Every structure is written in C-alpha cells, then in structure tokens.
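Good morning, and thank you for joining. I would ask you to keep the sequence and the structure in view while I speak.

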Amino acid sequence: MITVNNLMQQYGDRRALDQVSTDFPAGQTTVILGPSGSGKSTLLRALNLLSRPDAGTLTLGTQTIDFSQPIDQATILAVRQHFGMVFQEKALFTHLNVLKNLTQGPIKVKGQSKAQANQTATALLAQFDMSALATRYPYQLSGGQQQRVAILRALAMQPDYLLLDEPTSALDPELEAQVLRILRDLAQQKKSLIIVTHNMAFARAVADKIIFMEHGRIDYDGSAAGFFNAKDPRIQRFLHAMTF
Amino acid sequence: MTDFFHLAAQYLPQLFQAALTYTLPLTLISFSLALVFAVLTAMIRLAKRPDTRIGRVLLGGLKGIAFFYVWLFRATPMIVQLFIVFYGLPNAHINFFANAWVSAITVFSLNTGAYASESVRAAILSVPHVQVEAAESLGMRPRQVYANVILPQAARISIPPLSNALIGLLKDTALASVITIVEMFYLSQQIAAENYKILTMYLLAAFVYAVLTTALSLAQHQLERYTSRFAQ
C-alpha cells in the first residue's frame, strides 16, 4: 500500500497539487481521471519522485518520505525500485533494440547477469506475443508496439507498482486497443497498476478504484462503480464531456 | 606538365610519409584529448545544481573554469596560442612546453576541445528529456543515465559537427610548422626552397591534405551509416 498525505505543489501562481491525500492499494488498478491540468500526472510522477511536491509525505510500507525535507540520492533510488513507469511520449531508448531496452534496467540497476536479464526479457516478450520484435529498434515499431514494449521494459524490473501516464493518448484507436489489451491482462493478473487516462470505457472496464482530480484537488476517491454512478454535478459534467 | 608529374612521383611519397609520421599522429592524438576536454566541459556546463552547499560551491567553481576555458580558446587565434605556449611559457621557466610536440598537442587539443564542447553540449541538449526520465524511472543513477542513455544518443547527433572539427584540426596541424615541427607542409616548404618549384610543391601538399580529408569524410559517412541503424 502506498499512501500520500497533504501533497502540495505550486507552479508559479498555479497550484498543481492542493492538499492531496489518498492511498493506492496493492494488487488493484487505480485510475486517475480529471480534466487537463488537474494535477493527475503531477500526482503520478510524485510517487516515483520524478517530480517533488513542495510539501506532504509519501509512505511506502514502513518508509515515509517528507517532501519538505531534502531527499538524498539513496532514498530516491530506493523509492524508484518500487515503481515501473510508462510515459505518454515514446520513451524507449532509441539507440537500443527491443531486447536491450528490456535488459538495460535489470543489468545496470539490479546487477543481473546479461544471461539472466536476457532470459527474463525473452520470456516476457514471448508471454505477450512480441518475440518477433526482439531485434528491432524503436523507430522500426509502430506507436502501439513501442508502448507495449515500454510496458514490458517497466515489468522487466519486477516493480511493485506500474505507473502509466496517459499511455495511449498519442495513439490512434487501433493501436490504442493493442495497448489497452495488455493492460487489461495485467489488471486481471492483479498487478498493482496506477493509470492516468482519458479513456472512460477503459477506466470503467479495469478500475478497482478511481481518483477524480480538478484544480489540483481530489474531488472523488472511491470505487469505480461509485464514480460512474455519482450524482456530483462536477463528475456528471466531466463524464458528459468525455462521453460526447 | 610532364615536369609536374615527374615532381609528383618524386616528392609525393615523402610528403605522404611526413603526413603519416607527423600530420596524422598530431591530429589523432590531439583530437582524442580534445574529445575528453569537450565531453567533460559540456557535462560540467550542463550539470544540475547539487543539493549540498559544498557541491554547489564546487560545481560553481568548475562551471567558472569551463566557461573561462571555452572563452579563452575561442577568443584568441590558434597561432598566437602556439607562440605563447611554445616560445612564451619556456621563457617564463615553464620548460615542460619547450618540447614542440607537447606544445602542439596541448594547443591543438585544448583549442579543438573548446569548440567541440559546444557541439557536444548541443548534442546532449538535443536528447529528449523523456529519455532521461525513462532512465531515471528505471532507477539509474545520474552517471548511469549519462553513460548508458545520454552520451550514446548524443554521440550519434554530434558525429557531423565533430567530424568537421576533426577535418579542421587536420588542416590546422600545418601551424605546427611555426613551432619547428617538420610536418608535411613544412617539408613541402623546405623542398620548394631547394628546388624552386614553389607552385608545384604547394599543390602537392594541398593534394595530400585533400586525400587525407577525403578519407576522413568517407569514414564519417560510414560512421553515420553505422549509427543510423538505430534511428531514421
């Protein structure tokens, strides 16, 4: 379980996070929804310390990070071991082929042998029917394939949580479906997923929990069923805007 | 014309030998060192502000030195730098530079490094930030991010400007003649002074430079083809 408490982040005169407190249960899929600029990505990136809120705390198991204090390099690296991340932009390492993209982290960060990392990566590629892509470079892949490989790269690190920051927003519908299929499989396997998305149908299908944000604040934090049946006019407005 | 070919057959082997003995070693040794200076300087100038006070003071000092170094070597002509190092410093009892090779390599590498550092800095800046974040999110340390992600990608981007610098340096090694190194151009001057075939000898020297720079351009082309395997 991950818990955040009273996260505050200010960008100029805009409050990106405003007293954000919530938790992310293990083994569940948490979907973060909200209009653009509502603080969804900022919250996601705060979890693996890619962005640092000005104040508030992050608790992972027994370890608590206080954002109002300086955070040393060892702590940052230790926190990041818990997370894998998939970005909105295409973020595969362009100078490495697919197999090497998958093995770079385990070899360099986890100290695995090349043989061991190759074995894990090859098994992952096979599991998701992507063995044929192993020797291709990122520019030789479609957008959907790139994002699926990015998901496997994150999984190769065997993280406790997988963070996904609008992983399909740059893809056309057909490619989006390829990526969503793999995420649905992971959700069914009870992996711990935290996903920022604008795809309501997908959120409805996979979310165990929904966090709805607006203006840096959490306006809804609860079950997916509760969210999609909520009477709150702000949620109704959002759902209406996203549906039509 | 027959005379030209006769002189070419007679002197080209000597000029090529001088190029292989002096021009190429001067170029390759100086360029290797220049690359080290360039990468270090670019990394220092792009380094992020450390969290600790002592780190900030140390980095501030290094950034100041890097900025001054680049400014100094771009602000003055290379021939003046050669004169200062080879004739000036030994005059101030810094005898390490009394050796012409040491002086030449020092000036060539520092001068080329200063210019190349800007090419390397531009190449590093052109690596998309999401590549850095992807590496950081895998848990890589800053030096691992540099070694495994930023520098390999920046290297490909910097091949054309660095190749320019290498070709420029090869031609600039002719300046070593002013500090007594009998490199290829100096040799052509000496032969011209003996046989009075001034135009022919300088044309032959130009031909040798053209052959060498063409070889480097072809090598650049091959290197670009090789590295384009991982990018469109």
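In chain B, 74% of the contacts with a separation of 6 or more are between residues 24 or more positions apart; two residues are in contact if their C-beta atoms, placed from the backbone, lie within 7 Å. Please note that this is a predicted model, in which local features need pLDDT of at least 70 and side-chain atom pairs count only at pLDDT 80 or more, while totals for chains, interfaces and linings use all residues. Residues are numbered from 1 along each chain as its sequence is written, and chains are lettered from A and ligands numbered from 1 in the order in which they are written.

Let me stay with chain B. Its secondary structure comes to nine helices and zero strands, where helices (H or I, at least four residues) and strands (E, at least two) are DSSP runs numbered from the N terminus. Along the sequence, the pattern of chain B reads α-α-α-α-α-α-α-α-α. The C-alpha trace of chain B spans about 70 × 50 × 25 Å along its principal axes. Of the 232 residues in chain B, 34% are buried. A residue counts as buried if 20 or more other C-beta atoms lie within 10 Å of its own, as exposed if 12 or fewer do, and as partly exposed in between, with C-beta atoms placed from the backbone.

B:Leu175 lies in the loop between helix H7 (159–172) and helix H8 (184–195) of chain B. Is B:Leu175 buried or exposed? B:Leu175 is buried, because 20 other C-beta atoms lie within 10 Å. Leaving aside neighbours within four places in sequence, B:Leu175 is in contact with B:Met78, B:Ile79 and B:Leu82. B:Met78 is 97 residues away from B:Leu175 along the chain, yet their C-alpha atoms are separated by 8.3 Å.

I turn to the interface. The contact between the chains takes 21 residues from chain B and 21 residues from chain A. On the side of chain B that touches chain A, helix H5 (129–137) and helix H6 (142–157) of chain B each supply at least two residues. The residues on that side of chain B divide into eight nonpolar, seven polar and six charged. For these classes, Ala, Val, Leu, Ile, Met, Phe, Trp, Tyr, Cys and Pro count as nonpolar, Asp, Glu, Lys and Arg as charged, and the others, Gly among them, as polar.

Chain A contains a sheet. Four strands form an open sheet in the order E2-E1-E4-E5 of chain A, with antiparallel pairing; two strands pair if DSSP finds at least two bridges between them. Strand E2 (14–24) and strand E5 (63–66) of chain A each have a single partner strand, so one side of each is left without a neighbour in the sheet. From one strand to the next, the twist averages 15 degrees.

Taking the pairs in turn, strand E1 (residues 2–11) of chain A and E2(A) are joined antiparallel over seven bridges, and A:Gln10 stands opposite A:Arg15 in E2(A). Helix H1 (residues 40–47) of chain A packs on the sheet, touching E1, E2 and strand E4 (55–60) of chain A, and its direction makes about 55 degrees with that of E2(A). Such axes are lines fitted to C-alpha atoms, for helices over the stretch in contact, and angles run from 0 to 180 degrees between N-to-C directions. E1(A) and E4(A) run antiparallel and are joined by five bridges, with A:Thr57 in E4(A) as the bridge partner of A:Asn5. Four bridges hold the antiparallel pairing of E4(A) and E5(A), where A:Leu58 stands opposite A:Ile65 in E5(A). These two strands, E4(A) and E5(A), form a hairpin with two residues between them, and A:Gly61 in the turn has a positive phi of about 60 degrees.

Finally, a helix pair of chain A. Helix H5 (residues 143–156) of chain A and helix H6 (residues 173–188) of chain A pack at an angle of about 20 degrees, with their axes 8 Å apart. H5(A) is therefore roughly parallel to H6(A); angles under 35 degrees count as roughly parallel, over 145 as roughly antiparallel, 65 to 115 as roughly perpendicular and the rest as oblique. On the H5(A) side, the residues that meet H6(A) include A:Gly143, A:Gly144 and A:Ile151. By class, this contact of H5(A) with H6(A) has four nonpolar, four polar and one charged residues.
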